Amino acid sequence: MSYLELSGLQKRYRDSVAVDDVSLSVEQGEAVALLGPSGCGKTTTLRMLAGLVDPDRGAIHLDGTEITRLPAHRRNMGYVFQSYALFPHLSVARNVGFGLEERGVNKAEIARQVTEALALVRLAGLDGRRPRELSGGQQQRVALARALVIRPAVLLLDESLSNLDAKLRDTMRHEIRSIQRSLGITTLFVTHDQVEALTMCDRIAVMNRGRIAQIGSPEDIYERPATRFVAEFVGRANALPATRNAEGHAVLWGQALPVKAPASGEFDLFVRPQRMRIVPVSEPVADGMARVTGRVLRSVFVGDHVEVLLEGAGGQLTIETQSGSAALPEGAEVAVIWQARDTLSFARETP
Ligand code: ATP
């Protein structure tokens, strides 16, 4: 059994199943992201772990002990809420020391541990401030220090970066990840932000409609999505309706590709826009490359890349080309090439 085991967790509300048979094994020191669209059951899963929501079915084990029905305060889990939930009338130091006070730790020891926790989150010296006298990022750090100071067995973070601006979010991502690593603290965090999931964890559990669609390393999830949902939700992808020819190859926009088609049924090819390149129509096709041709509908400089929308015989696709390349004239006839092995195929969605 792993350090933290979720087995067959289920939670129903009156008219819906919020979490449906979720099982997940987390090793000690591991950081796992629960990633998925709004309403897929991420927060409910996290709250069941924290003891804030009772599961209808299933079990939770921590370090070999079943904790499914244990009250929240006896679980030794640090929870950072999306809203931070700081006490507005208490100083930063009292906010951070709150969990220690509750546990009856003596004053001198609380002061020592609070100072240590504040240093860890780079807030040394702000002990006396009230939450309202802090920026969003600083409040976030106080909430993190408060969760960490009790030395929890597991750290739970609920969309805790979503109230920060893009730049600060980026900084905090790296800081939280480095604190998590240096303390070796087992962490589960909930996010609908794929960059957050890809950069902050060892493994991602992608959730959809109350279930786990795929669990794997960030690279697995991005490079080898197991389902159409994962391919579309994590990273950008062109979903291109294709057909098969007599040799069993995929045919896209009237052109046979060196890509094996599924044996039966309607299907779409998935290719990431960054994996595609634009070349002159006259350029010969190298071995192992897939190629279609089309006309540039739109070409936009987006700072670090140029985004090109191309229209061909069977539809449209988007290409992201590297920085340095100039925008292409609209109407230009071009070829798009990519490594055939970068092509995924999934059965057409049934409505
Ligand atoms: P978000 O990213 O929007 O927070 P989420 O993935 O965390 O979404 P949950 O909050 O776990 O999703 O909710 C999952 C489903 O359960 C949703 O359909 C939600 O409406 C429903 N739900 C959650 N809490 C309750 C509740 N207390 N009563 C009734 N339904 C609920």
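In the classes used here, Ala, Val, Leu, Ile, Met, Phe, Trp, Tyr, Cys and Pro count as nonpolar, Asp, Glu, Lys and Arg as charged, and the others, Gly among them, as polar. The model is predicted; local features need pLDDT of at least 70, side-chain atom pairs count only at pLDDT 80 or more, and totals for chains, interfaces and linings use all residues. Residue numbers start from 1 along each chain as its sequence is written.

By these classes, the shell around the ligand holds 3 nonpolar, 8 polar and 1 charged residues. Its members are Y13, S16, A18, G36, S38, G39, C40, G41, K42, T43, T44 and H192, where a residue is near a molecule if its C-beta atom, placed from the backbone, lies within 6 Å of it. Strand 2 (16-26) and helix 1 (42-50) are the elements that give two or more residues to this shell. Helix 1 supplies the largest share, 3 residues. Helices (H or I, at least four residues) and strands (E, at least two) are DSSP runs, numbered from the N terminus.

The protein is divided into domain 1 (4-233) and domain 2 (238-347), with bounds from an automatic or database domain assignment. Their centres, taken over C-alpha atoms, are separated by 40 Å. The contact takes 4 residues from domain 1 and 4 residues from domain 2, contact meaning C-beta atoms, placed from the backbone, within 7 Å. On the side of domain 1 that touches domain 2, there are 2 nonpolar, no polar and 2 charged residues.

An open sheet of 6 strands has the order 6-7-8-3-9-10 and mixed pairing, two strands being paired if DSSP finds at least two bridges between them. Strand 6 (77-80) and strand 10 (211-216) each have a single partner strand and stand at the edges, so one side of each is left without a neighbour in the sheet. Strand 7 (residues 154-158) pairs with strand 8 (residues 186-191) in the parallel sense over 5 bridges, and L155 stands opposite T187 in strand 8.

A further open sheet has 5 strands in the order 13-12-11-14-20, with antiparallel pairing. Here strand 13 (255-260) and strand 20 (344-347) stand at the edges; each has a single partner strand, so one side of each lacks a neighbour in the sheet. Strand 20 runs antiparallel to strand 14 (residues 267-271), and 4 bridges join them. F270 stands opposite L344 in strand 20.

How values were computed
Two residues are in contact if their C-beta atoms, placed from the backbone, lie within 7 Å.
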